Amino acid sequence: IKLNSFAQRERAGFTSKAPRWAIAYKYAAEQAETLLKGITVQVGRTGALTPVAELEPVFLAGSTISRATLHNEDYIRQKDIRIGDTVTIEKAGEVIPAVVDVVLTRRTGKEASFRFPTQCPECGSKVARAPGIDEGDEGVVWRCLNPDCPAQLRGHLEHWCARGAMDIEGGGEVLVRQLVQKGLVQNVADLYSLKLSEVTDLERMGEKSARNFLDGVEASKQRDMWRVLYGLGILHVGSGVAKALGRGFASLDDVLAASVDQLTECEDIGGVIAQSIVQWHGDARNRKLLEPLRQAGLNFK
């Protein structure tokens, strides 16, 4: 559904992701029932712990689904989801499988409640609830507090190499896992000092594949500044926000040196995003990362 009037469209404007003068209505998502066999916990690049449903495989909307997101601990508690339950799943946005409900009539009494881990399943470090968007709000997401967590490092590297960020061909999950396991890469800046011999020594990496990957790393030095900003993986800074900041500031240094007030003057930048950027730059580890990226020749302008 759209506004016909161009004048009204102009007045309505855009959010960072979509026009305010148009909205799409979708058909109700196709659903299926299956058995929840277990719950595992994944650690993302921001340290966020996400529970994942391990399912009896079921065909849904064109593909076989064996895993689905459970969002967070509160979602599991609110829906009273237990291991052994029969659950209803659907593809959120017809893409991401999610558990939407429990079929209570199928309960036998043998189902087991899930206890959220108190330690990171990847590195064993302590976890804590991340602050919410509102001041004083405890939030719903548990995060690993160890900045050197291997899962977080892998997530950062995959995000940096992704098509929407620095678009480095070949920098997927398999290669990134090996680079981290071998200790060749400690942060995204280390990608720019990798040698051909180091990459060809990895499993399933012939010289041609290794050369293509390193050519992609070299080509990424010419990417727009907003891609570098987005690739840094600052909490709440998506591609739309990074583009807005790229339009509003002359350089990456200007963005990161800006105060909360200066950042919120930029279109589509609210207080939560601005605070997140200021906090990121306030961490000495993050500031230390910028210099080798500059030395490697990435585009900061």
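These legends walk through several close-up views of a predicted model.

Residues are numbered from 1 along each chain as its sequence is written, and side-chain values use heavy atoms, with hydrogens and water left out. Because this is a predicted model, local features need pLDDT of at least 70 and side-chain atom pairs count only at pLDDT 80 or more, while totals for chains, interfaces and linings use all residues.

**View 1**
The protein chain has an average pLDDT of 93, and 97% of the residues score at least 70. (pLDDT is the predictor's confidence in each residue, from 0 to 100.) Residues 133-137 stay under 50, and the model has 3 contacts for them beyond four places in sequence. (Contact means heavy atoms within 4.5 Å.)

Look for lysine 91 in strand β4, which covers residues 86-92. (Helices, H or I with at least four residues, and strands, E with at least two, are DSSP runs numbered from the N terminus.) Is lysine 91 buried or exposed? Lysine 91 counts as buried because its relative accessibility is 9%. (Buried means under 20% relative accessible area, exposed over 50%, and partly exposed in between, with a 1.4 Å probe and protein chains only.) Leaving aside neighbours within four places in sequence, its contacts include Ala29, Glu30, Leu60 and Ile96.

**View 1. Polar partners of lysine 91.**
The side chains of lysine 91 and serine 63 are joined by a polar contact of 2.6 Å. A polar atom of the lysine 91 side chain also lies 3.2 Å from the backbone oxygen of alanine 61. (A polar contact is a pair of N or O atoms within 3.5 Å; within protein, one must be able to donate a hydrogen and the other to accept it, and residues adjacent in sequence count only if both atoms are side-chain atoms.)

**View 2. Rings around tryptophan 21.**
The structure holds 4 aromatic pairs. In one of them, phenylalanine 14 and tryptophan 21 have ring centres 6.1 Å apart and planes at 85 degrees, so the pair is edge-to-face. (Rings of Phe, Tyr and Trp, the last by its six-membered ring, pair if their centres lie within 6.5 Å; planes under 30 degrees apart count as stacked, over 60 as edge-to-face and the rest as tilted.) Tryptophan 21 is buried at 16% relative accessibility, whereas phenylalanine 14 is partly exposed at 47%. Arginine 9 lies over the face of tryptophan 21, 4.2 Å from the ring centre. (A charge sits over a ring if NZ of Lys or CZ of Arg is within 6 Å of the ring centre and within 35 degrees of the ring normal.)
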